[in-house]
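Grab a pencil and work through these exercises with the model open beside you.

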Amino acid sequence: MKIQLLPSTFDDRGHATLEQRLTCFLIDDRVAVDAGSIAIALSAEQRTTVRDIIVTHPHMDHIASLPIFIDDLYPSLKEPMRIHATKEVIELLERDVFNWNVYPRFSDLQNDYGPVMEYVPIPEDGRCKVAHLDVVAIPVNHIVPTVGLIVSDDRVSIAFSSDTAETDEFWKVLNQTQKLDALLIEASFPNDMAKLAEVSRHFTPASLGKELTKLSHNGMDILAVHLKPSYRDKIIDELNELKIPGLDVMKPGKTYSW
Ligand SMILES: [Zn+2]
Ligand SMILES: [Zn+2]
């Protein structure tokens, strides 16, 4: 499985920078997990192949350019853009984003080929198929309804925490998963901002270090994501101090393969 954290910022030569402002992971050039930078960072080829987007929660850094992406592709879509999300998240997207005020309600619109956007609700048990992937969605602990994910193909399974603070169900399901190849976990704030991390339901390196003791798998790759750009260096220093084997910071723009 090939995963890329799409960049959201570019330097003056147009190269991706390391700061992660928006969240969008691209899997096998086909499925997106969240859509923060989807309209600005996909290649021309990828724009023709991504038709399934899993939205973990409706925060702006995770959906910022989703409406623009559908708008861009509107005349050329030969199948609808499928938005996979929980019922709660779909309701929030319809109420707050695709509401004719912020942007058109694309789920009501058609081009010459048919509907341009379609919601695919994630069932109550969290298990669904998205393109070629088996997905398990697990509610996590954030300030809006949010799911973490385990995404599997025939060979590998990768877990995404999305945005969360201390949680239990997610780790329980991960620990029950036979083989896990990598965990992409959020680490948003430095340790001295623990209070803000707590009220906004995010991790610091210290709280993440504690949280990872709930994970019984050993030896998998653990990639920290969602580092707030203003504190990036500090968060990286504090993550390194944890000395957790296999823990690294995911680089926007780089393609990882498992
Ligand atoms: Zn969030
Ligand atoms: Zn976020």
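**Exercise 1: the two domains**

The chain is assigned domain 1 (1–6 + 19–121) and domain 2 (124–251), with bounds that come from an automatic or database domain assignment. This is a predicted model, where local features need pLDDT of at least 70, side-chain atom pairs count only at pLDDT 80 or more, and totals for chains, interfaces and linings use all residues. Residues are numbered from 1 along each chain as its sequence is written, while chains are lettered from A and ligands numbered from 1 in the order in which they are written.

Task: work out how far apart the C-alpha centres of the domains lie, and which elements of domain 1 touch domain 2.

Solution: 
- Step 1. The two C-alpha centres are 22 Å apart.
- Step 2. Domain 1 puts 22 residues into the contact and domain 2 puts in 25; residues are in contact if their C-beta atoms, placed from the backbone, lie within 7 Å.
- Step 3. On the domain 1 side, S1 (2–5), S2 (25–27), S3 (31–33), S4 (52–54) and H5 (87–96) each supply at least two residues. H marks helices (H or I, at least four residues) and S strands (E, at least two), which are DSSP runs numbered from the N terminus.

**Exercise 2: two sides of a helix**

Task: sort out which residues of helix H6 (residues 169–176) are buried and which are exposed on its other side.

Solution: 
- Step 1. Phe 170, Trp 171 and Leu 174 are the buried ones. Buried takes 20 or more other C-beta atoms within 10 Å of a residue's own, exposed 12 or fewer, with C-beta atoms placed from the backbone.
- Step 2. These three sit on the same side of H6 because they cover an arc of only 90° around the axis, the arc being that of the directions from the helix axis to the C-beta atoms.
- Step 3. Lys 172 and Gln 176 are exposed on the other side of H6.
- Step 4. The buried residues pack against strands S10 (133–139), S11 (147–152) and S12 (157–160).

Terms used. Contact = placed C-beta atoms within 7 Å.
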